[in-house]
Amino acid sequence: MDVVWAEISQSVALTIELASVATVILLVIGVPLAWWLARSKTFASEAVATMIVLPLVLPPPALGFGVLVLLGPHGPGGVLASFWGERTLAFTFAGMAVGSVLSALPLVVQPIRSAFVATGDRSFKTTRRVSPLYAFIAITAPPARLEFVKAGVIGFSHTIGTFGVVMMIGGNIPGRTKVLSAYVVEYVQASRWREASVVAGGMVLFAFAAIFTLALIDRHSARRGTESS
């Protein structure tokens with residue numbers, strides 16, 4: 001077990017760091033995006049909503065390949081990387097963060113958007129009398145705050161367990177881009193069943209804890225709804 005832990009400890013730290021960064025970005029982007037989608041009735045907003053949901057139906061390797069091309073030397077990622085002397089964002093931590101955000105974005109935006117829609121048009125009409133920022137902080141956000149927490153848990157958990165997209169973009173480089181889920185596949189391919197069981201078992205326990213946390217949040221929300229009524 002000591003050998004297994006020494007082998008994957010760096011990957012554990014990398015995976016947690018990636019999940020943490022991705023979760024912050026997801027909430028920073030996802031909350032205002034969900035608010036706009038909940039308020040807008042235009043064709044453009046539905047087109048954007050459809051694009052956000054695409055990662056749920058696309059095979060992870062296909063999504064990963066598309067993002068890899070965009071992050072490569074001939075895509076926008078290459079242009080951005082050139083500002084600090086690099087040729088590409090592919091096979092980097094930044095590239096994996098981009099892929100993780102795109103992969104988990106629908107899981108974060110959809111429940112928050114539903115929470116904003118549930119507040120009704122009355123809340124949105126009220127926001128027209130005050131500044132948008134104050135309206136969001138004081139009127140729209142409080143009823144949806146538990147959904148923010150749930151979305152953060154989902155985004156973090158999804159990033160911990162994702163494999164296909166991250167592997168396509170990160171290249172599975174030990175110490176730099178090799179996330180924890182890659183070890184399960186590697187150990188199985190090498191017939192190292194004991195090690196695979198340890199890593200997979202740990203990920204199952206983490207997934208159980210995440211789902212249990214979501215259930216507790218839902219229970220707390222339901223209890224508060226009953227008390228307020």
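Start your tour by selecting Leu54, which sits in helix H2. Helices here are DSSP runs of type H or I with at least four residues, numbered from the N terminus. Before going on, note that this is a predicted model, in which local features need pLDDT of at least 70, side-chain atom pairs count only at pLDDT 80 or more, and totals for chains, interfaces and linings use all residues. Residues are numbered from 1 along each chain as its sequence is written, and side-chain values use heavy atoms, with hydrogens and water left out.

**Stop 1**

Leu54 counts as partly exposed, because its relative accessibility is 37%. On this scale, buried means under 20% relative accessible area, exposed means over 50%, and partly exposed lies in between (1.4 Å probe, protein chains only).

**Stop 2**

Next, pick Ser40 in the loop between helix H1 (2-39) and helix H2 (43-57). Is Ser40 buried or exposed? Its relative accessibility is 12%, so Ser40 counts as buried. Show Ser45 as well, and you will find a polar contact of 3.3 Å between the two side chains. Such a contact is a pair of N or O atoms within 3.5 Å; within protein, one must be able to donate a hydrogen and the other to accept it, and residues adjacent in sequence count only if both atoms are side-chain atoms.

**Stop 2: aromatic pairs**

The whole structure holds 4 aromatic pairs. Rings of Phe, Tyr and Trp (its six-membered ring) pair if their centres lie within 6.5 Å; planes under 30 degrees apart are stacked, over 60 edge-to-face, and the rest tilted. Select Phe156 and Phe206: their ring centres are 6.0 Å apart with planes at 55 degrees, so this pair is tilted. Phe156 belongs to helix H8 (residues 145-161) and Phe206 to helix H11 (residues 193-228), so the pair ties together parts that are 50 residues apart in sequence.

Then move to Phe208 and Phe212, a stacked pair at 6.1 Å centre to centre and 5 degrees between the planes. Both lie in helix H11, 4 residues apart, about one turn of the helix. Phe208 is exposed at 57%, whereas Phe212 is partly exposed at 46%.

**Stop 3: salt bridges**

The structure has 5 salt bridges (a side-chain nitrogen of Lys or Arg within 4 Å of a carboxyl oxygen of Asp or Glu). Select Lys178, which is buried at 6%. Its partner in a salt bridge is Glu186, with the closest N and O atoms 2.2 Å apart. The charged end of Lys178 also sits over the ring of Tyr183, 4.3 Å from its centre; this requires NZ of Lys or CZ of Arg within 6 Å of the ring centre and within 35 degrees of the ring normal.

Finish at Lys150, buried at 14%.

Terms used. Helix = DSSP H or I, 4+ residues; strand = E, 2+ residues; numbered from the N terminus.
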